[in-house]
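Please open the structure in your viewer, with the sequence alongside, and keep a selection tool ready. The stops below say what to select next and what is to be found there.

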Amino acid sequence: MAATARIRRLASCYLSPALSRTAPRHSRGLRGMCTLSTTLGSGADEDEIERIRREFEDAKRNYLSIPAAMKDMPKMNPQGIYVNKNVKLDDLQVYGFDYDYTLSHYSDHLQCLIYDLAKKHLVDELKYPESCLQYEYDCSFPVRGLYYDKLKGCLLKLDFFGSIEPDGCFFGRRKLSLAEIKELYGTRHIGRDQVRQLVGLMDVFCFSEACLIADIVQHFVDAKLEFDAPYIYEDVNKAIQHVHRSGLVHRKVLAEPQKFLIKNNKVFRFLKTLREKGKKLFLLTNSPFYFVDGGMSYLLEDQHFDGNSWRELFDVVIAQANKPIFYNSDHPFRVYDTEKDTLAFTAVDKFLPSEVYYHGCLKSFLQITKWRGPEVIYFGDHLLSDLRGPSKAGWRTAAVISELEDEIGIQNSDSYRFQQAKLSIIHDLLGKVHATVVSTEKGQVYSALLDELNAERHQCRSGMRNLFNSSFGATFLTDTGKESSFAYHIHQYADIYTSKLENFLSHAPESWLHPPHDIKIMPHNAKHKPLGIWPKREKYRQVCSMVRSSFYQFLRENHAALEKPAHGAPSQTGEVASQQDVPIVTDGRITVHLSTPFFYISLYEELVLKAASVCF
């Protein structure tokens with residue numbers, strides 16, 4: 001009976017409404033947090049606002065217990081594959097890939113190079129002031145998924161519903177205040193119809209463009225020169241396009257591949273694994289073939305091929321595809337002569353692994369290959385140019401978002417999780433305050449508490465935001481913790497997304513990827529809450545898990561006394577073993593059978609029911 005008392009006492013540490021003196025030290029912190037959600041129910045005659053005030057003060061005293069409460073909470077995998085729509089990998093027979101920032105990845109030197117070449121073009125060819133040459137690329141300024149308002153000259157970060165972030169609007173390099181945003185736009189809630197009139201900066205190549213636009217606008221402002229914002233965008237965009245289409249950036253990269261390209265042998269392993277599994281592979285890129293060939297040759301120069309080239313990995317190679325027009329046009333394919341740098345005039349009615357193809361369109365691609373949409377998956381980094389077209393055509397889509405790994409790492413950090421847990425508590429208290437009806441004479445007390453809670457919320461949000469980009473915050477999240485507009489496009493056009501291709505090496509080709517049932521928008525944005533401020537169902541699951549662990553620990557410690565009796569033989573409690581002896585519960589090492597002394601099974605059920613009564 002001493003053992004029985006011990007297990008009941010251990011369970012009571014987690015189930016008792018009051019903090020048990022026998023509870024383990026870490027559980028006292030959790031219990032302190034739990035009291036936050038139960039205080040309102042004690043004493044209906046007390047003043048509502050005063051009770052919430054005491055909860056707030058209690059919460060602040062318990063902030064230090066949050067790290068211990070969060071210690072065993074699960075973290076998201078930075079190398080994980082996150083799923084918006086079910087994808088059964090075994091059904092996929094064809095894998096397509098973009099080249100830039102999908103198969104190949106670049107150092108920050110590439111953004112500096114594009115910025116400098118475009119800046120020089122503005123001065124030399126478009127006659128911008130030579131003083132513009134003083135500016136340099138700032139890698140800490142832009143994030144992916146920004147929008148540029150050509151008419152007003154502002155760089156904007158938007159949320160999931162198309163509203164301007166209060167701290168996400170820049171004119172040049174100056175951040176506009178909320179009052180200035182409202183004066184300029186009338187409201188920050190501009191909506192998706194107006195968003196369609198903005199220029200989306202959705203891939204990594206846009207970093208240099210966003211930075212150059214902001215610097216040129218700032219230069220004209222500082223120099224007190226009159227300018228029209230649409231002209232600035234048109235000229236900068238023209239300069240950026242010139243850098244790419246003229247081949248300037250391509251030649252610079254190939255001249256020093258070790259400076260710009262990042263080698264990664266795991267990508268080759270992934271491609272080779274797909275080939276060994278009998279999958280078809282194709283490459284579809286907007287880059288010219290000589291650039292792709294030089295880059296792939298460098299990236300895979302340490303690998304050994306059966307033939308003489310990386311091209312043996314692919315069944316079809318298509319360069320200068322002109323996406324996204326590729327998905328809607330009727331352009332014919334042309335055979336590209338890699339030796340003569342010319343295009344053939346003969347019609348293309350089949351694809352040969354030994355040939356390279358230019359231009360083309362999706363309609364002809366499907367007619368030639370006979371590959372059905374659902375069995376094809378395409379990997380790309382640009383949500384609009386790479387993935388929107390395939391998504392609408394019925395292909396499965398996978399976004400490669402390199403920033404994902406760093407941002408999940410930040411979300412997993414103790415400092416971020418601490419602020420997130422605090423913010424959750426404040427939101428709960430704010431909800432109670434807003435739901436409270438107060439009389440006129442209590443209005444001052446109500447307002448004072450509301451102001452304090454809002455100030456605490458602002459401090460939490462700022463603490464979380466400052467862990468990310470100093471100008472625009474997180475790529476996937478807004479300052480309020482909601483999903484960004486960039487996250488909206490991922491949710492809309494990417495069936496799955498991950499930080500890099502080789503993450504698929506940890507999944508068997510027969511895997512079935514499906515989204516978590518309890519997360520509706522972005523799977524990697526888990527909301528961390530310490531025990532006691534979770535929804536009651538989650539609390540119930542956690543408490544039951546603790547009870548189950550304690551119960552099995554008790555069984556292991558008393559295993560000899562609880563050995564299963566033979567059929568028909570009485571147990572130590574006089575119970576007779578069942579003729580249909582089936583397990584009731586198991587932890588993988590010890591199984592509780594119907595022949596286990598009935599008293600202990602009843603004890604287990606009693607503890608679980610007690611958990612339910614406390615939680616619900």
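**Cysteines and the whole chain**

Begin with the cysteines: a search of the whole structure finds 0 disulfides, a disulfide being a pair of cysteine sulfur atoms within 2.5 Å. The model is a predicted one, in which local features need pLDDT of at least 70 and side-chain atom pairs count only at pLDDT 80 or more, while totals for chains, interfaces and linings use all residues. Residues are numbered from 1 along each chain as its sequence is written, and side-chain values use heavy atoms, with hydrogens and water left out.

Select Cys132, which counts as buried because its relative accessibility is 1%, and then Cys361, which is likewise buried at 1%. Here buried means under 20% relative accessible area, exposed means over 50%, and partly exposed lies in between (1.4 Å probe, protein chains only).

Now show the whole protein as a cartoon, in which the secondary structure comes to 21 helices and 19 strands; helices (H or I, at least four residues) and strands (E, at least two) are DSSP runs, numbered from the N terminus. Of the 616 residues in the protein, 52% are buried. If contacts (heavy atoms within 4.5 Å) are counted between residues at least 6 apart in sequence, 73% of them join residues at least 24 apart. The protein exposes about 29600 Å², of which carbon and sulfur atoms supply 51%, the areas coming from the Shrake-Rupley method with a 1.4 Å probe, with only the protein chains shown counting as cover for residues.

Next, colour the 5 strands that form an open sheet in the order 7-6-5-4-8, with antiparallel pairing. The edge strands are strand 7 (174–175) and strand 8 (199–201), each of which pairs on one side only. Zoom in on strand 6 (residues 164–171), which pairs with strand 7 in the antiparallel sense over 2 bridges, and find Phe170, whose bridge partner in strand 7 is Lys175.

**Aromatic rings**

Show the side chains of Phe, Tyr and Trp, among which the structure holds 39 aromatic pairs; rings (for Trp, the six-membered one) pair if their centres lie within 6.5 Å, and planes under 30 degrees apart count as stacked, over 60 as edge-to-face and the rest as tilted. Phe171 and Phe227 form a stacked pair, 6.4 Å centre to centre with 25° between the planes. Because Phe171 lies in strand 6 and Phe227 in the loop between helix 8 (206–222) and helix 9 (229–245), this pair ties together parts that are 56 residues apart in sequence. Phe171 is partly exposed, with a relative accessible area of 24%, and Phe227 is partly exposed at 27%.

Go on to Phe351 and Phe365, whose ring centres are 5.9 Å apart and whose planes are at 40°, so the pair is tilted. Phe351 is buried, and so is Phe365.

The charged end of Arg173 sits over the ring of Phe141, 4.1 Å from its centre.

**Backbone stops**

Finish on the backbone, at the cis peptide bond that joins Lys323 and Pro324, with omega about 5°. Pro324 lies in the loop between strand 10 (316–319) and strand 11 (333–337).

Lys127, although not a glycine, has a positive phi of about 60°; this residue is in the loop between helix 5 (109–124) and strand 4 (146–149), and counts as exposed at 66% relative accessibility. His359, found in strand 13, also has a positive phi, near 65°, and is partly exposed, with a relative accessible area of 27%.

Key
Pairing = 2+ DSSP bridges. Lys NZ or Arg CZ within 6 Å of the ring centre and 35° of its normal.
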